[in-house]
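New notebook page, new protein. I'll jot down what I look up as I go.

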Amino acid sequence: MKTTLSRRDALAAVLFGGSMIGLRSLATGLPVKMLLSPKKALADMQTTQCANKAAAQFIILNTSGQGDPFSCNAPGTYDDPTSGVDLSTLTHPNPADGSMTPTKIALGTGMYTAAKPWSMLGPGAGNANVFDRMCLCHIMTNTPVHPKEPQVLQLMGATQSSEMFPSVLASQLAPCLGTLQTQPISVGAATPSEALTFQGQALPTVPPSALSATLTSPAGGVTNLQSVRDQALNDMYQWYRDSGTSPAQRTYVDSFVSSQQQLRNIDPSYLSLLTNLDNSPTSQINAAVALILMRVSPVIAVHIPFGGDNHSDPNYSAEVSQHISGMQTIATLMNALRQNNLYDQVSFLNLNVFGRTMLPGPSR
């Protein structure tokens, strides 16, 4: 007999493992290892290494292999009130409509200048003040070459065995966060150079549209978590009876189990975030938030464009328009995190292959 694996089944297996083991973990709150081998898990899992569970954060990583000038109009490129270095020669777009007007923002205990769109991350209009907890580190990647995005994600050889930085983060964070998988997930890779690896193994990109089609369909599984939960817990409690576990072991297992009320409260959040997604930046952040709510992976990679390499944008028009839309997307992300009680549990990072030339002269 020939068995055909559908694209939906394949994607679900990427997210939740064979036999939907991850979906059962999502529905019950039990770690995957507990469902696969309860006896071994009880012996192993209490010794799982976690440096500081209270400090662990999920990561949403914005990255681009297109030379996106994300940082070129950021605080620290107009003035440096700490060192007093003259940065007036650095080039910034300055359209007549005032959309990129240099604007003062409060960052930590100092006042810095940035392009006007950065002010969208400050207080006002019901938004959280992202500047209260923002850290900006302007670094040189040592390459102006687009295809070297993988090497930049490997921190140009600074990591052990040239492991990608998002994979290093995921390996350290997964035991603390109790995610369904250790591997990071990319929902936004726009070019092959942006694809992620984990311990040398290439990882598939999971576009938001495919994620939406897979998980919100009647056959997708997320819409039927309650029955998945009931069956998985029945199996686990049958194992209790058959294996003669001690009261202390039962208490340990029960401590993982999500309550019925938790499941009912959070399930609509998944579905509302996953409904009718395309592959736009807004859909990417909705997918990222949903995957974090489901505790699928500790690191989710997205691609929010900020103009690309200015070889093809000599007048900075794309940089201006995408800087505005990009900051709007980040502000939307921060509000989504707050609305889903994740604001203190998620860090947003940005690491690109390079920005653009900041000095006057030909585009490079």
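**Entry 1: a helix pair.** At what angle do helix α11 and α12 pack, and how far apart are their axes? I looked this up first, with a reminder to myself that the model is predicted. Two packed helices are described by the angle between their axes and the distance between the axes. For α11 (residues 281–293) and α12, I get an angle of about 25° and axes 10 Å apart. Angles under 35 degrees count as roughly parallel, so α11 is roughly parallel to α12. I also noted the handedness: α11 passes α12 in a right-handed crossing. Next I listed who makes the contact. From α11 it is P281, T282, I285 and V289. From α12 it is T329, T332, L333, A336 and L337.

**Entry 2: the whole chain.** I stepped back for some totals. I find 12 helices and 8 strands. The chain has 364 residues, and 48% of them are buried. I then checked contacts between residues with a separation of 6 or more, and 71% of these join residues 24 or more positions apart.

**Entry 3: aromatic rings.** How many aromatic pairs are there? I count 2. In one of them, the ring centres of F70 and F306 are 4.9 Å apart and the planes sit at 90°. Planes over 60 degrees apart count as edge-to-face, so that is what I call this pair. The two residues come from distant parts of the chain, 236 residues apart. F70 is in the loop between β1 (58–62) and β2 (102–107), while F306 is in the loop between β7 (299–302) and α12 (317–339). Are these two buried or exposed? The cut-off for buried is under 20% relative accessible area. F70 has 9%, so I mark F70 as buried. F306 has 0%, so F306 is buried too. I also see W118 here: ring pairs link F70, W118 and F306 into a cluster.

**Entry 4: helix α7.** This one runs over residues 208–215. Of its 8 residues, 6 are buried, so I describe α7 as largely enclosed by the rest of the structure. I wrote down the buried ones: P208, A210, L211, S212, T214 and L215.

**Entry 5: back to the β1–β2 loop.** I picked P81, which lies in the loop between β1 and β2. Its relative accessibility is 48%, so I file P81 as partly exposed. Which residues does P81 touch, leaving out those up to four places away in sequence? I find M111 and Y112. P81 and M111 are 30 residues apart in sequence, and their C-alpha atoms are 7.7 Å apart in space.

Entry 6: Most residues other than glycine have a negative phi. I found L155 going against that: L155 is not a glycine, but has a positive phi of about 55°. S161 also has a positive phi of about 55° without being a glycine. I looked up where they sit. L155 lies in the loop between α5 (149–153) and α6 (165–177), and S161 is in the loop between α5 and α6 as well. L155 has a relative accessible area of 33% and is partly exposed, whereas S161 is at 70% and counts as exposed.

How values were computed
Residues are numbered from 1 along each chain as its sequence is written. This is a predicted model: local features need pLDDT of at least 70, side-chain atom pairs count only at pLDDT 80 or more; totals for chains, interfaces and linings use all residues. Side-chain values use heavy atoms; hydrogens and water are left out. Helices (H or I, at least four residues) and strands (E, at least two) are DSSP runs, numbered from the N terminus. Buried means under 20% relative accessible area, exposed over 50%, partly exposed in between (1.4 Å probe, protein chains only). Contact means heavy atoms within 4.5 Å. Rings of Phe, Tyr and Trp (its six-membered ring) pair if their centres lie within 6.5 Å; planes under 30 degrees apart count as stacked, over 60 as edge-to-face and the rest as tilted. Axes are lines fitted to C-alpha atoms, for helices over the stretch in contact, and angles run from 0 to 180 degrees between N-to-C directions. Angles under 35 degrees count as roughly parallel, over 145 as roughly antiparallel, 65 to 115 as roughly perpendicular and the rest as oblique. A crossing is left-handed if the near helix is turned anticlockwise from the far one by less than a right angle, and right-handed if clockwise.
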